Amino acid sequence: MPVPEFSDPPRMLIVVAPFFREITDMLVNGATRALARSRAVHDIVEVPGSIEIPTAIKIASTLQKFEGFVALGCVMRGETTHYETVCTESSRGLTLLGLTGLCIGNGILTVENAAQAKIRADPDQEDKGGGAADAAMHLVKLARKFEFRLGDIGFHFQDGVPRAARDS
């Protein structure tokens with residue numbers, strides 16, 4: 001898809017878990033390059049691990065005025081089942097937040113080894129950080145098209161009668 005263009009630059013937040021710093025630095029580099037191409041304004045925050053990324057995004061979405069989020073991290077298979085837990089739960093957390101209307105690009109790599117991670121993270125190769133940023137901006141563009149607001153879903157009460165939000 002073509003890179004989204006904005007007349008009013010979106011405010012984006014990159015949330016990164018820098019456990020594998022060399023890899024996540026490449027992801028951040030790719031994401032910031034992609035955001036710059038679309039003239040997006042961004043902030044970057046770090047969290048201890050990939051499992052904390054959805055929580056950080058939820059906190060930021062509640063307390064700040066970000067239109068989109070880029071989740072970046074790297075989970076590498078080890079000797080225990082911790083890999084499966086972190087991969088599944090970080091992905092599930094981001095999906096659930098997305099289903100509430102948040103515009104999130106998932107750039108958390110789930111790999112077997114460092115060689116795979118480097119290829120996926122490198123902005124001059126697979127550029128998964130840039131891809132996650134582009135995905136988030138496409139969702140922002142879509143949300144703006146539909147003039148979506150988080151409070152516009154579900155039921156609201158008017159004079160004690162429940163009404164669909166779009167009917168209110």
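**Helix 1 and helix 5**

I start with the orientation: helix 1 and helix 5 are oblique to each other. This is a predicted model, so I keep that in mind. I looked up the angle, and helix 1 packs on helix 5 (residues 128–145) at about 40°. Their axes are 6 Å apart. Angles under 35 degrees would count as roughly parallel, and 65 to 115 as roughly perpendicular, so this pair gets the label oblique. I then checked the hand: helix 1 passes helix 5 in a right-handed crossing.

Which residues of helix 1 meet helix 5? I listed Leu-27, Gly-30, Ala-31, Ala-34, Leu-35 and Arg-37. On the helix 5 side I found Lys-128, Gly-129, Gly-130, Ala-133, Asp-134 and Met-137. I sorted the residues of this contact by class: 6 are nonpolar, 3 polar and 3 charged.

**Helix 1 and helix 4**

Next I turned to helix 1 (residues 21–37) and helix 4 (residues 114–121). Their axes come within 9 Å and cross at roughly 15°. That angle is under 35 degrees, so helix 1 and helix 4 are roughly parallel to each other. I noted their crossing as left-handed.

Helix 1 brings Glu-22, Ile-23, Met-26 and Leu-27 to this contact. Helix 4 brings Ala-114, Ala-117, Lys-118 and Ala-121. How many residues here are polar? I found no polar residues, with 6 nonpolar and 2 charged. Leu-27 is on my list for helix 4, and Leu-27 is also on my list for helix 5.

**Helix 2 and helix 3**

I moved on to helix 2 (residues 53–63), which packs with helix 3 at about 25°. I noted 8 Å between their axes. With that angle, helix 2 and helix 3 are therefore roughly parallel to each other.

From helix 2, I wrote down Ile-53, Pro-54, Ile-57 and Lys-58. They meet Ser-90, Gly-93, Leu-94 and Leu-97 in helix 3. The classes here are 5 nonpolar, 2 polar and 1 charged.

**The second largest pocket**

Last, I looked up the second largest pocket. Its volume is about 280 Å³. Which elements give two or more residues to its lining? I found strand 3 (68–76) and helix 3 (82–99).

By class, I noted 9 nonpolar, 5 polar and 2 charged residues in the lining.

Note on methods. Residues are numbered from 1 along each chain as its sequence is written. This is a predicted model: local features need pLDDT of at least 70, side-chain atom pairs count only at pLDDT 80 or more; totals for chains, interfaces and linings use all residues. Side-chain values use heavy atoms; hydrogens and water are left out. On a 1 Å grid over the protein atoms alone, a cavity is a set of points where a 1.4 Å probe fits but cannot get out, and a pocket is an open set with protein on both sides within 12 Å along at least five of seven lines; lining residues have an atom within 4 Å of a point. Grid points are joined across faces, edges and corners, and a volume is the space filled by probe spheres set on the points. Helices (H or I, at least four residues) and strands (E, at least two) are DSSP runs, numbered from the N terminus. Ala, Val, Leu, Ile, Met, Phe, Trp, Tyr, Cys and Pro count as nonpolar, Asp, Glu, Lys and Arg as charged, and the others, Gly among them, as polar. Axes are lines fitted to C-alpha atoms, for helices over the stretch in contact, and angles run from 0 to 180 degrees between N-to-C directions. Angles under 35 degrees count as roughly parallel, over 145 as roughly antiparallel, 65 to 115 as roughly perpendicular and the rest as oblique. A crossing is left-handed if the near helix is turned anticlockwise from the far one by less than a right angle, and right-handed if clockwise. Contact means heavy atoms within 4.5 Å.
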